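The exercises below are to be worked with the sequence and the model at hand. Each task is followed by a solution in steps.

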Amino acid sequence: MDRPRRRLEAPVGASTLLLGFEQPVRITRAGRAPETLVSVFCGPTTTPAVGEHGGRLSGIEVMLTPWAAFTLFGTPQYETADRVVDPDTLPHALDRRVGELAAALAVLPSWEERFRLLDDVFARWWDAGTPCSARVVRAWSELVRTSGAMPVRRLAEEVGWSVRHLENRFREQIGLGPKAAARVLRLQRARRLLAAGRGQAETAAACGFYDQAHLSGEFKAMTGCTPREFTTARRLTFAVAPPGDRMDGEATSLILASGTTGASGTPAAADASRRSADFSKTDGTT
C-alpha cells in the first residue's frame, strides 16, 4: 500500500498465530501497552484490538481453535487471553523457535512449499504436544454449535463435570471461562447477522440477548463501537474494498481511517459516515 493501514479486530472464537516474514505490526488493546512484533501469538479475546503497519506486511496468519493452541504450545491458555506476545517467549517445548520457522517460510519460493512446510511442522508439534481433554473439546464444540447459547450448567452436565471443574479446565485449555467464551461466540453470531442486513431487534432475539439494549451494551464492550457504527463502517468499507475478515463468513474487522483511536479509547467507527473517503483499501494480508 502507499500509506499505513489500521484495522480494528473484534473478538473471535479462536487463537491467532501470525508468522511474520519481515515487517512488524503494532497492536494496541485498551488497558495494555502497545506491542510491536514481527511474529505474534494471541489467545482468545473479549476486547477489540487495533493492528497497524506501515503499508506493507507479509506472512502467514493461522487461526487455531483455542484447545488446539493449548496442544501445540503446551501453555495454559489463560496466560495468553486478551494478550499479544512473541510466541518464542511462551514456555513451550517446541523443537524449533517460531521465529526460525517464520524465517524458513519466508525464503521458500512458493506458497505451496510454504504451506507444505507449515503442515509438516504443525503435525510434528501436534504429535509431541500436550493432549487436550476430550471433554473440553466436546464442551467447546457445543458452545460453537449453539453460538454460545448453551447455559454453562447444562454444558457441565453434558460432559459430566461440576461447573467449577469445567470453568477451571476451560481457562486452562481454552483461555476463557465458559461464560466468557459463550459471550464471544454469541456476539460473533450477532455481528454476522447484522452484517448480513438483519435488524438489531431481530438479531438480539435470535442470539439470545435480553433485548436490543443488552445487545448494544455487549457490542460496545467487546467491539469498541455500537452495532450501528459497526455496520455503517463496514458498508462504507465495502464501497472501496472488502475489509479482509480473518475468518470466512464472519464479520471480524474494520479498516480504520488514519487518526482514529479505536481500541485505545473512543469508538472505532464513530462518525464513520464523515470519514468514508479516508478508509484505506485492504491489502488482503493480515
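**Exercise 1. A helix pair**

Which residues in α7 meet which residues in α9? Then describe the geometry of the two helices and the make-up of their contact.

Solution. The model is a predicted one.

Step 1. From α7, the residues in contact are R183, V184, R186, L187, A190, R191 and L194. Their partners in α9 are L215, E218, F219, A221, M222 and T223.

Step 2. Sorted by class, the residues of this contact comprise eight nonpolar, one polar and four charged.

Step 3. Two packed helices are described by the angle between their axes and the distance between those axes. For α7 (residues 178-195) and α9 (residues 212-223), the axes come within 11 Å and cross at roughly 105 degrees.

Step 4. Angles of 65 to 115 degrees count as roughly perpendicular, so α7 is roughly perpendicular to α9.

**Exercise 2. Positive phi**

Solution. 

Step 1. Most residues other than glycine have a negative phi. D82 is not a glycine, yet its phi is positive, about 55 degrees. S147, also not a glycine, has a positive phi of about 50 degrees.

Step 2. D82 sits in the loop between α1 (66-73) and β8 (84-85). S147 lies in the loop that runs between α4 (134-145) and α5 (152-159).

Step 3. Buried means under 20% relative accessible area. D82 has a relative accessible area of 16%, so D82 is buried. S147 is at 15% relative accessibility and therefore counts as buried.

**Exercise 3. A strand and its partner**

Which residues of strand β7 form its covered face, and which its uncovered one?

Solution. 

Step 1. In β7 (residues 59-64), the covered face consists of I60, V62 and L64. The uncovered face is made of G59, E61 and M63.

Step 2. Strand β2 (residues 15-20) pairs with β7 in the antiparallel sense, over six bridges.

**Exercise 4. Cysteines**

How many disulfides does a search of the whole structure find?

Solution. 

Step 1. The search finds zero disulfides.

Step 2. The cut-off for buried is again under 20% relative accessible area. At 10% relative accessibility, C42 is therefore buried. C132, at 17% relative accessibility, is therefore buried as well.

Definitions and conventions:
Residues numbered from 1 in each chain as written. Predicted model: local features only at pLDDT ≥ 70, side-chain atom pairs only at ≥ 80, totals over all residues. Heavy atoms only, no water. Disulfide = S-S within 2.5 Å. Buried < 20%, exposed > 50% of the residue type's maximum accessible area, 1.4 Å probe, protein only. Helix = DSSP H or I, 4+ residues; strand = E, 2+ residues; numbered from the N terminus. Axes fitted to C-alpha atoms, helices over the stretch in contact; angles between N-to-C directions. Parallel < 35°, antiparallel > 145°, perpendicular 65-115°, else oblique. Contact = heavy atoms within 4.5 Å. Nonpolar A, V, L, I, M, F, W, Y, C, P; charged D, E, K, R; others polar. Pairing = 2+ DSSP bridges.
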